[in-house]
Amino acid sequence: MHSPTQLSAWQALAEHQKEIDSVEMKSLFEKDKNRAEKYTTKAAGWTLDYAKNRVNEKTLALLIELVKEAGLETAIKGMFSGEHINNTEDRSVLHIALRASQAQESLMVDGVNVLAEVRDTLEQMGKFVQQLHSGEWRGYSDQRITDVVSIGIGGSYLGPKVVAEALTPYKKDDIKVHFVANIDGSDITGKLKQLNPETTVFVISSKTFGTLETLSNANAARDWFLANGGSQETVSKHFAAVSSNVEKAVAFGMAKENIFPMWDWVGGRYSLWSAIGLPVAIAVGMDNFYALLDGAHQMDEHFRTAPFEENIPVIMGALGVWYINFHNAQTHALIPYDHYLRAMPAHIQQLDMESNGKANLLNGDGVETDTGPIIWGGAGTNGQHAYHQLLHQGTRLVPVDFIAPLASHNPIKDHHAQLFANCLSQSQALMVGKTLEQAKQELRDAGATPEQVEAIAPHKVIKGNRPSNTLLTDKMTPETVGALIALYEHRTFVQGTIWGINSFDQWGVELGKVLGTDIFNRLVSDSDNSALDASTQALINAFKKAQA
């Protein structure tokens, strides 16, 4: 893969950006009364309105041409057929298979029908979930299980936690699901204080069963269990695992039938659809977990088959590249106007930044462009009283995705109308802004003196012409939540393909793990640290002094 800057569409977009840079979005709406209709597309229960973007027909045509020249069609076929598109690890990338097993009979990869394995795992999960909710699974003192604690980190934590929160209206009342990730002892200590060891089950999620944070928290949970009435012989009644290292999990105390598989063709940040999503299935029931998978599969099929001009992940991915590489946008904000989706930006942050935070092309050459943006955001309307000031009047261009359901699970008088009004008003304000003359007239209407008008008006000017997408669905359901997350997975893949990078490895994360283990060993021993840099030596010494 050569640098995308060599593509003719890229070069044409660079020239076109000079033409359109001074064009106001307001004028595009004035010239084309059908703009909103033209720049709206639907799939898998979602509607994307991308009319409030700094694009015209020529821009979109060039962006679609860029996607084609970058080889996206071939890349999509490669992923869905199980080719080893993760070239640095020589692996397939098959999170799409995790949600296809009910709609597709087989997908052969390296001589193995991976869909058969997925179906077997789903059946295993279903049995586990049924045993918990029926009361068949009981603790060492023969009491029903009332709480499940999921212990993981990264993709083994963020995705399941976000989805479980998003599906709060569908949660079962008989079992509460909790999540622990942080190695900070305050995290697990706070959870354990709420629990009874006789009625608690822990699900330990770690592919290798050796992730430092996860294993440390798992050991802390087992120590607590043993210190409060449990025994090593009864650990299997209170601990299960999602891991490919069966031997280590069994040595920990798990029964083999309660160890759920993981596969190397699923990266952690794409794994919530696998047994990593077991906490979600426990929280909302297996039927709703299947519905989650079905929604994601619907978006998969849209991404795989829809023309690029109507393809939501393709359009959103291409627009992101347009702003990052041709308008110098460094960040991208996700703002869900739904309380239950408040943590979603954190999951998409990991998904996008771990996937596309790369500086090398597939062939190993250095990139010539910026790649993944900084992803951030939070719940509306809260953000309007915090960081929206920067969105409207700051010096940085920040494209925004507004995400909202048309109906609430918890209708209270006109609350949802107010919420939705705020969502629309923010996207509108970003686009239209406020001119100097409008600001002056506001002040005159408020009775300001001429001197006050001249002094204050410049501070009230809002440039506008700031882009946003609006994603709407009728209601947040397991299907629409599944489709939404799959949409962002594919959007990330689209951008990685355009930039010519591998969106499915994470060597930077691996380096941090290795160095973390080395420094941990130094912190708990009397090792010679003279080979380390002076700063790290001093920080290690400060820690040891404090502990002493």
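A residue counts as partly exposed when its relative accessible area lies between the buried limit, under 20%, and the exposed limit, over 50%. Arg-304, at 42% relative accessibility, is therefore partly exposed. The model described here is predicted.

**Helix 10**

- Helix 10 has 16 residues.
- From first C-alpha to last, helix 10 reaches 22 Å, close to the 22 Å expected at 1.5 Å a residue.
- Its buried residues are Thr-214, Asn-217, Ala-218, Ala-221, Arg-222, Trp-224 and Phe-225.
- Seen down the axis of helix 10, these buried residues fall within an arc of 160 degrees, so they line one face of the helix.
- Gly-229 follows helix 10 and has a positive phi, near 110 degrees.

- Thr-234 sits in the loop between helix 10 (212-227) and strand 8 (239-242).
- Thr-234 is buried because its relative accessibility is 16%, and the cut-off for buried is under 20%.
- Leaving aside neighbours within four places in sequence, Thr-234 is in contact with Tyr-140 and Phe-225. Phe-225 is itself one of the buried residues of helix 10.

**Salt bridges**

- Side chains of opposite charge can pair when their charged atoms come close.
- The count of salt bridges comes to 24.
- Lys-58 and Glu-19 form a salt bridge, with their closest N and O atoms 3.3 Å apart. This pair links distant parts of the chain: Lys-58 is in helix 4 (residues 57-69) and Glu-19 in helix 1 (residues 8-20), 39 residues apart.
- Lys-58 is partly exposed, with a relative accessible area of 41%. Glu-19 is partly exposed too, at 46% relative accessibility.
- Arg-99 and Glu-489 meet through their side chains in a salt bridge of 2.8 Å, N to O. Arg-99 lies in the loop between helix 6 (95-98) and strand 3 (108-109), and Glu-489 in helix 20 (residues 478-499), so the pair ties together parts that are 390 residues apart in sequence.
- Both Arg-99 and Glu-489 are buried.
- Arg-304 pairs with Glu-301 in a salt bridge, the closest N and O atoms being 2.7 Å apart. About one helical turn separates Arg-304 and Glu-301, because they are three residues apart in helix 13 (residues 286-305).
- Glu-301 has a relative accessible area of 25%, so Glu-301 is partly exposed.
- Asp-32, Lys-38 and Glu-57 are joined in a network of salt bridges.

**The largest pocket**

- Rolling a probe the size of a water molecule over the atoms shows where empty space is left.
- The largest pocket holds about 900 Å³ of space.
- The largest pocket is lined by 40 residues. The closest to its centre are Thr-211, Gln-506, Val-509, Glu-510 and Lys-513.
- Helix 10, helix 15 (344-356) and helix 21 (507-523) each supply at least two residues of this lining.
- Helix 21 gives the most to the lining of the largest pocket, with eight residues.

Methods
Residues numbered from 1 in each chain as written. Predicted model: local features only at pLDDT ≥ 70, side-chain atom pairs only at ≥ 80, totals over all residues. Heavy atoms only, no water. Helix = DSSP H or I, 4+ residues; strand = E, 2+ residues; numbered from the N terminus. Buried < 20%, exposed > 50% of the residue type's maximum accessible area, 1.4 Å probe, protein only. Contact = heavy atoms within 4.5 Å. Expected span 1.5 Å × (residues − 1). Arc of directions from axis to C-beta. Salt bridge = Lys/Arg side-chain N within 4 Å of Asp/Glu carboxyl O. 1 Å grid on protein atoms, 1.4 Å probe; cavity = no way out; pocket = protein on both sides within 12 Å on 5 of 7 lines; lining within 4 Å. Points joined across faces, edges and corners; volume = space filled by probe spheres on them.
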